[in-house]
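Reader: I have a structure to go through for class. Can we take it step by step?
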Amino acid sequence: MAAPSWIQSLLNHRKNVLASMHMKCVSTRLRKYGLRFDDLFDPMEDMDIKEALRRLPREVVDARHQRLLRAMDLSMKHQYLPDDLQAKQTPFRSYLHDMISLVNQNP
């Protein structure tokens, strides 16, 4: 069931200033650790995520694992990525959403 249009416009960062500010804040936090938004999904919590990760190419899953390990290491050391590496990060470049929709279509 799709959300009503007023909810969609409320969550659209191009139309809502607060949504834009929130997206910028999340982007900054993800860049500090070198993560992507899709890395935050837990495969142990949702079986669709687990199946989507199983269907992804091995290189994509390995890159996700390396990003998570690097983020945990930086967090334990109370450090962030250097500024030049933070600038190269793409936190909202999705690699999982297409596969999740495919899993939902063809279980």
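Author: Start with a definition: buried means under 20% relative accessible area, exposed means over 50%, and partly exposed is in between. Also note that this is a predicted model.

Reader: ok, so is D73 buried, exposed or partly exposed?
Author: D73 has a relative accessible area of 38%, so D73 is partly exposed. The side chain of D73 meets that of K77 in a salt bridge, 3.2 Å from N to O. K77 is partly exposed because its relative accessible area is 47%.

Reader: how many salt bridges does the search of the whole structure find?
Author: Five. One of them joins D39 and R67, with the closest N and O atoms 2.7 Å apart. This pair links distant parts of the chain: D39 is in the loop between α2 and α3, and R67 is in helix α4, 28 residues apart.

Reader: are those two buried or exposed?
Author: D39 counts as buried because its relative accessibility is 3%. R67, at 11%, also counts as buried.

Reader: which residues are linked in a network of salt bridges?
Author: E51, R54 and R55. Within it, R54 and E51 meet at 2.6 Å, N to O, and both lie in helix α3, three residues apart.

Reader: new topic. how many aromatic pairs are there?
Author: The search finds three. Y33 and Y80 form an edge-to-face pair, 5.5 Å centre to centre with 75° between the planes. Y33 is in helix α2 and Y80 is in the loop between α4 and α5, 47 residues apart.

Reader: what lies over the face of Y80?
Author: K32, at 4.8 Å from the ring centre.

Technical notes:
Residues are numbered from 1 along each chain as its sequence is written. This is a predicted model: local features need pLDDT of at least 70, side-chain atom pairs count only at pLDDT 80 or more; totals for chains, interfaces and linings use all residues. Side-chain values use heavy atoms; hydrogens and water are left out. Rings of Phe, Tyr and Trp (its six-membered ring) pair if their centres lie within 6.5 Å; planes under 30 degrees apart count as stacked, over 60 as edge-to-face and the rest as tilted. Helices (H or I, at least four residues) and strands (E, at least two) are DSSP runs, numbered from the N terminus. A charge sits over a ring if NZ of Lys or CZ of Arg is within 6 Å of the ring centre and within 35 degrees of the ring normal. A salt bridge is a side-chain nitrogen of Lys or Arg within 4 Å of a carboxyl oxygen of Asp or Glu. Buried means under 20% relative accessible area, exposed over 50%, partly exposed in between (1.4 Å probe, protein chains only).
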